[in-house]
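Please look through the sequence and the fold below before reading on. The notes that follow take up a pocket and the strands beside it in turn.

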Amino acid sequence: MTFLASDLSQENQARFDNISDDFLLTGLLRWSDVPRGEKFQRNDALTVTVKEIHDDGKIDLRVTPENFREKYDNILARTGKILQGLRDQNRKGSKS
């Protein structure tokens, strides 16, 4: 996963020399650090925290649990918009 250096705590930023806030960092998210039963879709935004920064600069990440209701409310809202767009396209196609 890629994230901005500004997303790191001041303590973690200090572990890197001369890092700017807009610098992109890459961290590793292991499946063992993903809550069981969690499902992800392509382009889903995940909330992650830094689990550990190794001496060689490698960064381990962990998924931060999200509010279940809020997450699925967003999914339902997105699905509703997609369905409405398809309905509109079907109406336009049937009038031609």
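Which strand gives the most to the lining of the second largest pocket? Strand E4 does, with three residues. This is a predicted model, in which local features need pLDDT of at least 70 and side-chain atom pairs count only at pLDDT 80 or more, while totals for chains, interfaces and linings use all residues. Residues are numbered from 1 along each chain as its sequence is written, and side-chain values use heavy atoms, with hydrogens and water left out.

**The pocket**
- The second largest pocket holds about 160 Å³ of space, a pocket being an open set of points on a 1 Å grid where a 1.4 Å probe fits, with protein on both sides within 12 Å along at least five of seven lines.
- Its lining residues, which have an atom within 4 Å of a point, include Met1, Phe3, Asp7, Val48 and Leu61.
- Strands E1 (2–4) and E4 (48–53) each supply at least two residues of this lining, where a strand is a DSSP run of E with at least two residues.

**Strand E5 and its partners**
- Because four of the five residues of E5 (residues 59–63) are buried, this strand is largely enclosed by the rest of the structure; buried means under 20% relative accessible area, with a 1.4 Å probe and protein chains only.
- E4 and E5 pair in the antiparallel sense over five bridges, pairing being counted if DSSP finds at least two bridges between two strands, and Val48 has Val63 in E5 as its bridge partner.
- E3 (residues 28–29) pairs with E5 in the parallel sense over two bridges, and Leu28 has Asp60 as its bridge partner there.
- The hairpin of E4 and E5 has five residues between the strands, and Gly57 takes a positive phi near 95° in this hairpin.

Technical notes
Points joined across faces, edges and corners; volume = space filled by probe spheres on them. Buried < 20%, exposed > 50% of the residue type's maximum accessible area, 1.4 Å probe, protein only.
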